[in-house]
Amino acid sequence: MTDLRAVDLDNLTDRTGIRVEFYDPAGTRYGFPTFPYHSAPTGLATRRQLRAAGLRPGGHDPVAQILWRHRKTRRVAYLYRLDLAAPKRVATPAQREAIAKALLARRTCRYCGQIKPYYIPRRYGECLDCHGGH
């Protein structure tokens, strides 16, 4: 995966002379291969795309990035190679049980002992019924 050039973006520059701001497949301008929004080469995916496919980066560093502007700020999304991605890890039954206990504790009021359908606000340390009674 050494050639990350996008033929359409190269042709746009050659045809019109317009340089796409965040297109730098060699990494000379941004120090890292860079592509504009919606223009990532095939074989690369963001963390969110990997997660949707049931994958994770697998300990590998990103190989490129996507840059775009959003409300005057520059945003970045790193791209990882799909062929190096590993399957997502699955929580063990003991881990799932621990998570369930922790979430139940967040819904249990420490004063009245009731389990509420919402998480107890940490700033109060008690359910809204108990907090309103003060």
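Which backbone nitrogen does the side chain of D24 reach at 3.1 Å? Keep that in mind as we walk through this predicted model, in which local features need pLDDT of at least 70, side-chain atom pairs count only at pLDDT 80 or more, and totals for chains, interfaces and linings use all residues. Residues are numbered from 1 along each chain as its sequence is written, and side-chain values use heavy atoms, with hydrogens and water left out.

**The whole chain**

Start by showing the protein chain as a cartoon. You will find 4 helices and 6 strands, following the pattern α-β-β-α-β-β-β-β-α-α along the sequence. Helices (H or I, at least four residues) and strands (E, at least two) are DSSP runs, numbered from the N terminus. Of the 134 residues, 27% are buried, where buried means under 20% relative accessible area, exposed over 50%, and partly exposed in between (1.4 Å probe, protein chains only).

**The sheet**

Next, select β1, β4, β5 and β2, which in that order form an open sheet of 4 strands with mixed pairing. Because β1 (34-36) and β2 (44-45) stand at the edges with a single partner strand each, one side of each has no neighbour in the sheet. Two strands pair if DSSP finds at least two bridges between them.

Now highlight residues 64-70 and 73-81: these are β4 and β5, running antiparallel and joined by 7 bridges.

**D24**

Move to the loop between α1 (7-16) and β1, and select D24. Its side chain reaches the backbone nitrogen of T28 at 3.1 Å, which settles the opening question. The D24 side chain also reaches the backbone nitrogen of R29, at 2.7 Å.

D24 is buried yet has no salt bridge, and the nearest side chain of opposite charge, R29, is 4.9 Å away. A salt bridge is a side-chain nitrogen of Lys or Arg within 4 Å of a carboxyl oxygen of Asp or Glu; for charge, Lys and Arg count as positive and Asp and Glu as negative, while His and the chain ends are not counted.

Show the surroundings too: leaving aside neighbours within four places in sequence, D24 is in contact (heavy atoms within 4.5 Å) with R29, Y30, G31, F32, P33 and T34.

**P41**

Finish in the loop between β1 and β2, where P41 is found. P41 counts as buried because its relative accessibility is 16%.

Key. A polar contact is a pair of N or O atoms within 3.5 Å; within protein, one must be able to donate a hydrogen and the other to accept it, and residues adjacent in sequence count only if both atoms are side-chain atoms.
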